[in-house]
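The points below may be read alongside the sequence and the model.

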Amino acid sequence: MAISTTPQTSSRVETLRSLIQLLVDTSEAVIKEWEAEEHPEHSDVKGSPTPSLPSHALFEARRIMRGACEMCIDLVEDPRHRIQELAETFSLSQAFDTTLRAGVPDILAETSLTTRGVPAAELSRRTGINEKKLVRIMRLLCSGGMYEEVKDSQFTNTHISGVFVANAPARAIQCIFGTQLHVSAIAHLPVTLLDSKWTNATSATEAAFHKAQGTNKTLWELIDQGDDSDANVVQMREVFAPSMVGQGQMGSPALLADFPWGSLKEATVVDVGGGVGSMCIDLATIFQDLRFVIEDLPATIEKARIVWSTEGTAAIETGRVQLLAHDFFAEQPVKRAEVYFLRCVLHDWPDDDCIKILSRLRDAMGPESRILVADIIVHPPLGSKHLTSAPAPLPANYGRANAFKGMRDIAMLSMYNGIERTPEQLGVIADAARLKIEKIWECRGPFSITELRPL
């Protein structure tokens, strides 16, 4: 008996075929880039000027492939299995967090220099984790691509876990999301949003984090002033500073390469809420004409003095770099600077607070000043006029290739009532501060740079 093809089935067939063609086309682009890396002397492919960055072509091919692969899975997988896997995803992240805290990537790298793979018994001895339980964790992570089982109960790193070898900042940015303070905030998000007294709260001290901890202090206040006898506070305090360096490893290369810093010539860049000025160290090294003012709270500026005493003594001595204690909710002391730079600042704050921060800068700006906001930009599924859209049949935002940005947005919501904004959401708070979006510089990484100018 013939089976009729419904419009729904026909549409699925057409979509799957289009996705497979996308994968074929983009895989050839990736192969071409890989071959160029192996034989650069014979290649016509223009690579990235920054070794840690993919070329623009490879970056685009990667996110198309990721989106297409995940969309294929959505089409062909039993939806009940897909939903169950989503519900259990936390197990994967916690298993990986366990191995990172135990130093497994370093152990595998150290031992694999002489032999391929490390027996579970040796890993157990070195980490103190029960061998049978450790094997179960490692095999789950092998299925996720983090490690590889090369022989029975014998493991080695993959290119993913290899990122963490001798790299404490990378481990910190991964592990910070496994701390009790963060996990409990995410766990309390449903009950917070479903609570009529909490769901409409916008204050940075009325988020799921505060409901979970029973406090009205921000995370920053707990880190600076929290009880030293509270193991959870101590744990967060230990990983927070190195995690910011790890976040820089992840995002700063693209911010350096994909905005035309050199065109600013002898401009003054005011790094507002700049921490110890880690990105300015790189900028000052590459762009010798730029001048910098790094602003943050007094305790952070004292830490910055220590960093710059080893990393950039000459720049401090000549006055090319200044370190200035400043609260970005107060009047901006540096007037008419060419650039006010906000990296990973606005996403920590609700809209009302962001408008206050931007308004302080707007009051200090001259006619030629600009504000550069370096944050994650959330790409709506239906697209944005400010952003590049993915090729059909992918959604305009490349689907799950950009899911990380939405996940980070939910983390900001849970911790601070903060937000990773869409271009349109950023435009609303910019307008309220008498600013407009001039351009969004899409970068080859998780962060983009939004240029704001006076209205």
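1. A residue is called buried when its relative accessible area is under 20%, exposed when that value is over 50%, and partly exposed in between. The model discussed here is predicted. By this cut-off F328 counts as buried, because its relative accessible area is 16%. F329 has a relative accessible area of 28% and is therefore partly exposed.

2. How many aromatic pairs are there? The count comes to 10 aromatic pairs. One of them joins W261 and F341, whose ring centres are 5.6 Å apart and whose planes stand at 90 degrees, so this pair is edge-to-face. W261 belongs to the loop between α13 (231-257) and β4, whereas F341 belongs to strand β7; the pair therefore ties together parts that are 80 residues apart in sequence. W261 is buried, with a relative accessible area of 0%. F341 is likewise buried, at 0%.

3. Elsewhere, R63 lies over the face of Y398, at 4.0 Å from the ring centre.

4. Helix α17 covers residues 351-364 and has 14 residues. From its first C-alpha to its last it reaches 20 Å, close to the 20 Å expected at 1.5 Å a residue. Which residues of α17 are buried? They are D353, C354, I357, L358, S359, L361, R362 and A364. As a general point, an α-helix has 3.6 residues a turn, so residues three or four places apart point the same way. The cover over the buried residues of α17 includes the strands β4 (268-272), β7 (339-343), β8 (370-375), β9 (435-441) and β10 (448-454), together with helix α19 (423-432).

5. The count of disulfides comes to 0. C69 is in no disulfide, and the nearest cysteine sulfur, that of C72, is 6.5 Å away. A disulfide would require the two sulfur atoms to be within 2.5 Å. C72 is likewise in no disulfide, its nearest cysteine sulfur being that of C69. C69 is partly exposed, with a relative accessible area of 37%, whereas C72 counts as buried at 11%.

Definitions and conventions: Residues are numbered from 1 along each chain as its sequence is written. This is a predicted model: local features need pLDDT of at least 70, side-chain atom pairs count only at pLDDT 80 or more; totals for chains, interfaces and linings use all residues. Side-chain values use heavy atoms; hydrogens and water are left out. Helices (H or I, at least four residues) and strands (E, at least two) are DSSP runs, numbered from the N terminus. The expected span of a helix is 1.5 Å times one less than its number of residues. Buried means under 20% relative accessible area, exposed over 50%, partly exposed in between (1.4 Å probe, protein chains only). Contact means heavy atoms within 4.5 Å. Rings of Phe, Tyr and Trp (its six-membered ring) pair if their centres lie within 6.5 Å; planes under 30 degrees apart count as stacked, over 60 as edge-to-face and the rest as tilted. A charge sits over a ring if NZ of Lys or CZ of Arg is within 6 Å of the ring centre and within 35 degrees of the ring normal.
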